[in-house]
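Please find below a short note for a colleague who is meeting this structure for the first time. The points are numbered and can be followed alongside the structure.

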Number of protein chains: 2
Amino acid sequence: MSQSTPIVPVILSGGSGTRLWPMSTPAMPKQMLALTADDTMLQLTAKRAQGEAFAAPIVVANARHVEMVEAQLQAVSAAPQALILEPTGRNTAPAIALAALEVAGETPLLVMPSDHVILDVPAFHAAIQAALPLVEQGWLVTFGIDPHAPETGYGWIRIGEEIAGGVHRVANFVEKPPLDAAEAMLAAGDHAWNGGIFLFRADAYLAALATHAPEMLTACEQAIGNARREGTRVFPDATSFAAAPSDSIDYAVMEKAERVAVVAVSMGWSDLGSWDALHEISARDAEGNAHGAQGDGEVIAIDTKNCLVRSDGARIALVGVEDLIVVASGNDILILPRGRSQEVKALIEAMKR
Amino acid sequence: MSQSTPIVPVILSGGSGTRLWPMSTPAMPKQMLALTADDTMLQLTAKRAQGEAFAAPIVVANARHVEMVEAQLQAVSAAPQALILEPTGRNTAPAIALAALEVAGETPLLVMPSDHVILDVPAFHAAIQAALPLVEQGWLVTFGIDPHAPETGYGWIRIGEEIAGGVHRVANFVEKPPLDAAEAMLAAGDHAWNGGIFLFRADAYLAALATHAPEMLTACEQAIGNARREGTRVFPDATSFAAAPSDSIDYAVMEKAERVAVVAVSMGWSDLGSWDALHEISARDAEGNAHGAQGDGEVIAIDTKNCLVRSDGARIALVGVEDLIVVASGNDILILPRGRSQEVKALIEAMKR
């Protein structure tokens, strides 16, 4: 991979999802956890954008996680050139705007959520390489994930005409569809999942914002202009940033901008949006069980099949169970059947009451 | 209930069973746990032999549990008249011999394991009352549990001729039977389970020992004769006691003695020999779930049926599971289906390897 200006990875670490509760919590969100390997999701994200094609990353994170983010990235030689600490969450469009303003100019930005799995990194790099010529011409590029199921939890992208090798116009974006629509798109073969990974020049993104979300741009410009800085830590001005409308890059920019392209790629992607998703991509033993790679929690499984068992400390003993998800973290234990891990959200709501 | 000499309860607390692992451990055996109520099994045992018919108990326990036994009994105003601390376990016959030697004479002894459930205490007291006239004549009386299942894990008693109101000769004892034999005994209706609860005069038991296990009696006499005493604590001489053959009261005495009677009683008895047994006798909610009464472990159960869930601290969240036993204690979590809790023993063996 080579081009004149190194790509700046922009790693979005602002999420505080609890779909992997009890391991994932606001204090220890999913990206900070080692779920699929000895490295955390954040570390794996940084490592897949290292090498001569890439500059040091810009990381946008929640201020409460600053030490943890720095420690994890330093541990994999991925210390950020700037760590932008959001005073409040404003969704992805303003977060990316802060990063784009930090570098400005024609620098290509590779925007990546910090908590996704990509098993086939060479395929990812090839997709980036395919996208670069159009990016240099000012296109906004999204990576479309080759779909293998009628997922109703993702946005979809209808792939339009090819405009360069492996790069197509986005015909249109499709919001999270009902099942029959998802099945139709899967069958049609001309759709991809919207994986939330983007490549564009900083100035191209800012120009699109100026057209489609001018208030957001102004708020972010003021937030960065009045930012407090401590070494590589950037604290955007809270009052200015609070004025930015909260919106996703998809709604605010991608669905409205003119020159938007998609590179479809099959790269072993998962957003790890549930414990079921983790079981799906995990290494499993002969009985189909995935026992955690992380932490020191011993698992003893007798006559046990197709279970996901994770522990950050407690010893878990199973006898004669099948298709169960068991997660022990801190003082909490979660037990539910495989296929129902989407209900963790409802469970957390029930616990709040 | 009334008779000339108050009955001395003899509470056997030497067991260190692990069938209720992970709550029950050698350091914290079943009798020390509050499994069915706010009181522990030991406390409930002591409390069901309180009142004017009873003297203060003699407790035979493992020396390692001395402080815990004393604290639990004092908390329910059942401080023992003697706490005999076995230097090693020698099964029930020598343990009861130590207690019998401690009181001697014609004092009636009510021998009770410390970890059984008796829900209907008035029925138990009525059975004691029925047995007393024969006990005063020197008979050895066992309480036969009215059977309601073809249990292969218990010894059985064939009930012989009636010799007084509600009291029958023991025709013979039956060792843990195969299933077909258990089914036949249940169908025949003339058998009872051997619950391991006995009533006899101290001198009658010692006389039977002199006839049928003279070495055991001699060893126990020396152990008590040379015992070290600290207040109510009795430390039998270890060398003497080690010479006592290890044997149960059933094998050593009851199956061999002449005047052995049984009082059949239906009193909500359970030996709580497994987590399934605890689920069976526990109060359950409308969905059939039994959540622990003990400790501070919160349980959140959504769409969950017929489960036993116990925690001594961890919060357990269940969604969409049925017929599961979940027990969290200390650093351990046990998960298995109802009906398989007999496999805890095999599990513990597997963990040792």
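This is a predicted model: local features need pLDDT of at least 70, side-chain atom pairs count only at pLDDT 80 or more; totals for chains, interfaces and linings use all residues.

1. From H3(B) they are B:Ala93, B:Pro94, B:Ala97, B:Leu98, B:Leu101 and B:Glu102, while H7(B) brings B:Met216, B:Leu217, B:Cys220, B:Glu221, B:Ala223 and B:Ile224. Sorted by class, the contact of H3(B) with H7(B) has 10 nonpolar and 2 charged residues, with no polar residues.

2. Turning to chain A, the chain is divided into domain 1, covering 8-270, and domain 2, covering 280-352. The centres of these two domains of chain A, taken over C-alpha atoms, are separated by 30 Å. Their contact draws 12 residues from domain 1 of chain A and 14 residues from domain 2 of chain A, and the side of domain 1 that touches domain 2 in chain A divides into 7 nonpolar, 3 polar and 2 charged residues.

3. How many residues of chain A are in contact with chain B? The contact between the chains involves 25 residues of chain A and 25 residues of chain B. In chain A, strand S15 (299-302), strand S17 (315-319), strand S18 (324-329), strand S19 (332-337) and helix H11 (344-352) each supply at least two residues of the side that touches chain B. Strand S19(A) gives the most to this side, with 6 residues. By class, the side of chain A that touches chain B has 18 nonpolar, 3 polar and 4 charged residues.

4. The relation between the two chains deserves a separate point. Chain A is superposed on chain B by a rotation of 180° with 0.1 Å of shift along its axis, at an RMSD of 0.1 Å, and this is therefore the relation of a two-fold axis. The same surface serves both copies, since 100% of the contact residues of chain A recur in chain B.

Key. Residues are numbered from 1 along each chain as its sequence is written. Chains are lettered from A and ligands numbered from 1 in the order in which they are written. Two residues are in contact if their C-beta atoms, placed from the backbone, lie within 7 Å. Helices (H or I, at least four residues) and strands (E, at least two) are DSSP runs, numbered from the N terminus. Ala, Val, Leu, Ile, Met, Phe, Trp, Tyr, Cys and Pro count as nonpolar, Asp, Glu, Lys and Arg as charged, and the others, Gly among them, as polar. Copies are superposed by least squares on the C-alpha atoms of residues with pLDDT of at least 70 in both. Domain bounds come from an automatic or database domain assignment.
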